[in-house]
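The entries below follow the order in which I looked things up.

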Amino acid sequence: MPRGPRAVLEMLAAIPLFSSCDLHELMSVASIGVEVRALPGRVLAGPGQKALKSSFILSGLARCEIDGRTVATLGPGDYFGHVPFLHNGTDRATVVAETPMEILVVDTGEFASLLADAPSMSRKITEALTQQLREM
């Protein structure tokens, strides 16, 4: 059963990428997202895929592999699918559900349009990404 709108907004607010966004901005993201459930073993993203969607994990765990080697475990608040969007290319990683998951999937074209129409939100997300890169 899908989460209620309030729960989705709370989960989005907990994602570091969106943590400085206001309620209106979070509602904008939620409105273009689709909630998806995934069972263990489902491949959520694969190498060579173009950036058609970004996925934000609401619940559950996934493993991220590159060349067959696990490089990260992803959980609530993590996201994937954004690298090719940022680089206008393809991804090298495979993401596989480890547990039952709930994911908010956002079309990257709609997300790009949303950011183009909301420069303050675009700036907040850029700052969050920059901070994450510094921490790496």
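The entries cover the basis of the model, then the sheet, then a pair of helices.

Basis. I note that this is a predicted model, in which local features need pLDDT of at least 70, side-chain atom pairs count only at pLDDT 80 or more, and totals for chains, interfaces and linings use all residues. Residues are numbered from 1 along each chain as its sequence is written, and side-chain values use heavy atoms, with hydrogens and water left out.

Sheet. I looked up the strands (DSSP E runs of at least two residues, as helices are H or I runs of at least four, numbered from the N terminus). I found an open antiparallel sheet of four strands, ordered S2-S7-S4-S5; pairing requires at least two DSSP bridges between two strands. S2 (43-45) and S5 (69-74) are the edge strands, each pairing on one side only. From one strand to the next, the twist averages 30°. I then followed S4 (residues 62-66), which pairs with S7 (residues 93-97) over five bridges in the antiparallel sense. Opposite glutamate 65 I found threonine 94 in S7.

Helices. I turned to H2 (residues 23-32) and H4 (residues 108-117), whose axes come within 10 Å and cross at roughly 155°. Axes are lines fitted to C-alpha atoms, for helices over the stretch in contact, with angles from 0 to 180 degrees between N-to-C directions. The two helices are therefore roughly antiparallel (over 145 degrees). Ser28, Val29 and Ile32 in H2 meet Glu110, Phe111 and Leu114 in H4 (heavy atoms within 4.5 Å).

Methods. Angles under 35 degrees count as roughly parallel, over 145 as roughly antiparallel, 65 to 115 as roughly perpendicular and the rest as oblique.
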